[in-house]
Amino acid sequence: NMRREPKSDICKFWVNCGRCPLRLCTLQHVAPEHRKAARLAWLSERKEAKEASQRRQASAIGDEYEETGNKKQHKKHRAQLFCSWLVDSFGLERLKAGSGVLDVAGGKGQVARILQELGIKCTVIDPRQQAHKQTERWNTQTHEQIAECFDEALWHREEYKAVLDHCSVVVGMHPDQATEPLVDFAIAHKKPFAV
């Protein structure tokens with residue numbers, strides 16, 4: 001039975017909430033008047049430890065950002081980064097061709113919205129209805145949505161034939177279970193794709 005050594009001498013429950021649920025806690029419970037300063041120091045220590053861990057992990061896989069000094073983008077920017085990469089890789093002309101881009105498992109439609117802002121037509125294929133807070137914030141859906149699972153049965157449905165047959169590129173930023181059907185569709189229909 002091995003116990004993990006605490007990362008700090010300060011009790012994380014006490015410093016964050018002013019109380020500790022552990023009866024036999026061996027960590028430090030600072031005086032209430034010092035709790036705010038202790039919490040700021042504790043948060044700073046955690047942030048530094050997290051960044052150090054990320055640097056070690058990046059170094060282990062040969063990531064270059066450490067040498068250049070550039071910080072990685074926060075994951076909230078991933079749709080913007082993915083769309084920038086699509087434009088750099090395929091070009092605006094190709095992306096705008098035909099019925100536009102198919103965004104498989106497009107979820108909230110973030111990729112579709114960004115592509116629409118660039119003048120690229122985009123159709124999201126995702127069985128989930130877009131009742132998300134972010135969609136409500138924009139108040140309008142700027143892209144087409146096919147609320148179906150992306151599978152071989154869908155590929156042959158007459159009502160979607162024009163969109164599917166004439167799409168320019170098939171993309172999926174994080175398609176999960178739809179990854180294999182996305183790749184199969186792109187290969188079978190000789191379409192460029194990005195996952």
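Predicted model: local features only at pLDDT ≥ 70, side-chain atom pairs only at ≥ 80, totals over all residues.
## Helix against sheet

Contact here means heavy atoms within 4.5 Å, and angles run from 0 to 180 degrees between N-to-C directions. Helix α6 lies across β1 and β2 (122-125), and runs at about 175 degrees to β2.

## The sheet

Which order do the strands follow in the sheet? Reading across, the order is β3-β2-β1-β4-β5, five strands in an open sheet with parallel pairing. The edges belong to β3 (144-146) and β5 (193-194); each has a single partner strand, so one side of each is left without a neighbour in the sheet.

Now to the pairing of β1 and β4. Strand β1 (residues 100-104) pairs with strand β4 (residues 167-171) in the parallel sense, over four bridges. Along this pairing, V101 stands opposite V169 in β4, and D103 stands opposite V171 in β4. Is β4 enclosed or open? Five of the five residues of β4 are buried, so the strand is largely enclosed by the rest of the structure.

On to the pairing of β4 with β5. These two strands are joined in the parallel sense over two bridges, and F193 in β5 is the bridge partner of V170. To get from β4 to β5, the chain passes through helix α10 (residues 179-188), and this β-α-β crossover is right-handed.

## Aromatic pairs

A pair of aromatic rings is described by the distance of the centres and the angle of the planes. The model has five aromatic pairs. One of them joins F82 and W85: their ring centres are 6.4 Å apart and their planes are at 10 degrees, so this pair is stacked, given that planes under 30 degrees apart count as such. F82 and W85 both belong to helix α4 (residues 78-90), where they sit three residues apart, about one turn of the helix.

How are the rings of W155 and F185 arranged? Their centres lie 5.3 Å apart and their planes are at 65 degrees, so the pair is edge-to-face. W155 is in helix α8 (residues 152-155) and F185 is in helix α10, so the pair ties together parts that are 30 residues apart in sequence. W155 is buried, with a relative accessible area of 9%, and F185 counts as buried too, at 0% relative accessibility.

## Nonpolar cores

Which residues have the most contacts inside the largest nonpolar core? They are L86, L95, V101, L115 and V171, in a core of 17 residues. At least two residues of this core come from each of α4, α6, β2 and β4. Helix α4 gives the largest share, five residues.

Leaving out residues up to four places away in sequence, V101 touches L95, L115, I120, K121, C122, T123, S168, V169 and V171. There is also a second, separate core; this one has 15 residues, including I125, I146, C167 and L182.

Note on methods:
Residues numbered from 1 in each chain as written. Heavy atoms only, no water. Pairing = 2+ DSSP bridges. Buried < 20%, exposed > 50% of the residue type's maximum accessible area, 1.4 Å probe, protein only. Right-handed = clockwise from strand over helix to strand, strands pointing away. Phe/Tyr/Trp six-rings, centres within 6.5 Å; stacked < 30°, edge-to-face > 60°. Core = buried A, V, L, I, M, F, W, Y, C linked by side-chain atoms within 4.5 Å.
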